[in-house]
Amino acid sequence: MKRVHGFQLVVLAALLGVVTSAHASLLRAMSLAQLVSGSDRIVVGKVVAVTAAWDARHLKIISTIELEIAEDWKGPDTGSRRVTIVQPGGSVGEIEMTVHGMPSFALGETSLLFLRGQRFFQVVGMGQGKRVVTWDDAGKRWLAHGPDADGVVDIEPDAKLSPVKPSKPIPLTDLRAQVMRAI
């Protein structure tokens, strides 16, 4: 009986070793058409508030991000110039909960967002559905930076996974035209 118990401990230790080493997330790459079709709203907005709090059971941290809409590309005209994103993760006091693949938001940041939801939204494709937008003084235009490609993979025909390479910034007007064609 002790021998079986010892074997069970060895198996359990081996399984824990496998589980603890698997701490990264992999996301299947989404095309622009998939992001567009999976979105209820597509907006360009500026982050005006980021807050984080414990859920009601004090088990996880939830972040709430408020955006002021500058451009509305897809979705119903609700008359409101704000959207609210709610997602897991964030910091409360000295405790931080990180969800790998989830987009992060900074106060004052402008982004193009592919959103799913009605009253409260989530970003489609996790970090893939957020593109930071910055002003290019030299070109006198807004640039949309590529989505976060960390942990995003393409599945090759032979079932091999290949990391997605980060994309270069493109003029926001060009990306708008591509999105409008996909709608």
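Which residue forms a salt bridge with arginine 41? Select arginine 41 and aspartate 72: these two form the salt bridge, and their closest N and O atoms are 2.5 Å apart. A salt bridge here is a side-chain nitrogen of Lys or Arg within 4 Å of a carboxyl oxygen of Asp or Glu. Arginine 41 lies in strand β2 (residues 41-54) and aspartate 72 in strand β3 (residues 61-74), so the pair ties together parts that are 31 residues apart in sequence. Helices (H or I, at least four residues) and strands (E, at least two) are DSSP runs, numbered from the N terminus.

Before moving on, note that this is a predicted model, in which local features need pLDDT of at least 70, side-chain atom pairs count only at pLDDT 80 or more, and totals for chains, interfaces and linings use all residues. Residues are numbered from 1 along each chain as its sequence is written, and side-chain values use heavy atoms, with hydrogens and water left out.

Arginine 41 is buried, at a relative accessible area of 3%, whereas aspartate 72 is partly exposed at 30%. Buried means under 20% relative accessible area, exposed over 50%, and partly exposed in between (1.4 Å probe, protein chains only).

**Other salt bridges**

The whole structure holds 5 salt bridges. For another one, select arginine 176 and glutamate 71, whose closest N and O atoms are 2.6 Å apart. Arginine 176 is in helix α3 (residues 172-182) and glutamate 71 in strand β3, so this pair joins parts 105 residues apart in sequence. Both ends are partly exposed: arginine 176 has 24% relative accessibility, and glutamate 71 has 23%.

Next, select glutamate 68 and arginine 82, whose side chains meet in a salt bridge (4.0 Å, N to O). Glutamate 68 belongs to strand β3 and arginine 82 to strand β4 (residues 82-88), 14 residues apart.

**Helix α3**

Now colour α3 by burial. Leu172, Leu175 and Val179 are buried in this helix. Seen down the axis of α3, the buried residues fall within an arc of 60°, so they line one face of the helix. The arc is that of the directions from the helix axis to the C-beta atoms. On the face turned away from the buried side, look for the exposed residues Thr173 and Arg181.

**The nonpolar cores**

Select Ile42, Trp73, Leu112, Phe114 and Val179, the residues with the most contacts inside the largest nonpolar core, which has 14 residues. α2 (32-37), β2, β7 and α3 each supply at least two residues of this core. A nonpolar core is a set of buried Ala, Val, Leu, Ile, Met, Phe, Trp, Tyr and Cys residues joined through side-chain atoms within 4.5 Å. A second, separate core of 12 residues includes Val47, Val83, Phe105 and Val123.

Centre the view on phenylalanine 114. Setting aside neighbours within four places in sequence, its contacts (heavy atoms within 4.5 Å) include Leu35, Arg41, Ile42, Val123 and Val179.

**Serine 111**

Last, go to serine 111 in strand β7 (residues 110-117). Is serine 111 buried or exposed? Serine 111 is buried, with a relative accessible area of 0%. Beyond residues up to four places away in sequence, serine 111 touches Val43, Val44, Gly45, Lys130, Arg131, Val132 and Val133.
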